[in-house]
Amino acid sequence: MNLLREIYEKHIGINNDTKEISYKVRKAARTILFDESGKIAILYVSKDNYHKLPGGGIEPGENIVEALGREVAEEVGTAIEVLGEVGAIIEYRDEFEQLQISYCYYSKVKGEIGETSYTEEEINSGFKLKWMSIEEAMDFLEKDEPYNYVGRFIKERDKTFLKELSSKEIRFND
C-alpha cells in the first residue's frame with residue numbers, strides 16, 4: 001500500500017518545539033464505502049464538530065480487512081466488499097505519544113444496511129451516519145472546525161484519503 005502522507009502537529013496548526021518522543025503505534029483500517037447509488041458513508045461526530053470515514057483500530061489477531069469489516073458492521077450496519085486500496089497515512093499525535101498508521105480502502109455495501117452498534121464512547125461523541133457524494137463529503141471536511149486535537153488530525157487524514165480516491169477513475173463492476 002502506498003504511503004500518501006505523514007501528518008504532524010504543524011499540519012493541524014500546532015507549532016511545538018521538536019522533542020524526542022517514544023511513540024506507541026496504533027494501526028487502523030478505514031474505508032470510503034459506496035452504496036448502490038454511488039454515495040459514501042460519512043460519520044458526523046457532533047460533540048467535536050467533524051466528519052470522518054468509517055473505520056477504527058485493528059485488534060490483536062485481526063488482519064486489516066477483518067478489522068475493517070468489523071468496524072463497518074458496527075459503524076454503518078453492513079457487510080462490505082473491498083474493491084481496492086486508497087493508501088496509508090501516518091499521524092504523529094505527539095500529545096498522546098501515539099503514531100497512528102491508517103490503511104484506507106474503497107469498498108461497496110454488500111447486502112442490506114441494518115442498524116449501527118456504536119460503542120458507548122461513540123454514542124457519547126454523537127456519532128451520526130450520513131450518506132453523501134464524495135464531493136459533498138470533501139466539502140464538509142474542508143469546512144469542519146473540530147473542537148478537539150484528534151478531530152483536527154482526522155480532518156486532515158480523511159480529506160487526504162478522499163482527494164486521493166477522487167483523483168483516480170474508479171469503476172464498479174458487478
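This report covers aromatic pairs, charges over rings, strand pairing and salt bridges in a predicted model.

## Aromatic pairs

The whole structure holds 5 aromatic pairs. In one of them, the ring centres of Y8 and Y92 are 4.4 Å apart and the planes meet at 5 degrees, so the pair is stacked. Y8 sits in the loop between strand 1 (3-7) and strand 2 (24-34), and Y92 sits in strand 6 (residues 79-93), so the contact ties together parts 84 residues apart in sequence. Y8 is partly exposed, at 33% relative accessible area. Y92 is buried, at 13%. Ring pairs also bring in Y23: Y8, Y23 and Y92 form a cluster.

A further pair is Y149 and F153. Their centres are 5.2 Å apart and their planes are at 65 degrees, so this pair is edge-to-face. Both residues belong to helix 4 (residues 149-166), 4 residues apart, or about one turn of the helix.

## Charge over rings

K130 lies over two rings. It sits over the face of Y44, 4.6 Å from the ring centre. Its charged end also lies over the ring of F140, at 5.0 Å from the centre.

## Pairing of strand 2

Strand 2 runs parallel to strand 7 (residues 98-110), joined by 11 bridges. Here K27 faces I101 of strand 7. Strand 2 also pairs with strand 5 (residues 55-57), in the antiparallel sense, over 3 bridges. In that pairing A28 stands opposite G57 of strand 5.

## Salt bridges

The count of salt bridges is 14. One of them joins E74 and R70, with the closest N and O atoms 3.6 Å apart. These two residues are 4 residues apart in helix 1 (residues 64-75), about one helical turn. E74 is partly exposed, at 22% relative accessible area. R70 counts as buried, at 19%, because the cut-off for buried is under 20%. Both residues belong to a salt-bridge network that links E59, E62, R70, E71 and E74.

K108 and E81 meet at 4.0 Å, N to O. K108 is in strand 7 and E81 in strand 6, 27 residues apart. K108 is buried at 15% relative accessibility, whereas E81 is partly exposed at 34%.

R157 and E91 also form a salt bridge, with the closest N and O atoms 3.3 Å apart. R157 lies in helix 4 and E91 in strand 6, so the pair ties together parts 66 residues apart in sequence. Both R157 and E91 are buried.

Terms used:
Residues numbered from 1 in each chain as written. Predicted model: local features only at pLDDT ≥ 70, side-chain atom pairs only at ≥ 80, totals over all residues. Heavy atoms only, no water. Phe/Tyr/Trp six-rings, centres within 6.5 Å; stacked < 30°, edge-to-face > 60°. Buried < 20%, exposed > 50% of the residue type's maximum accessible area, 1.4 Å probe, protein only. Lys NZ or Arg CZ within 6 Å of the ring centre and 35° of its normal. Pairing = 2+ DSSP bridges. Salt bridge = Lys/Arg side-chain N within 4 Å of Asp/Glu carboxyl O.
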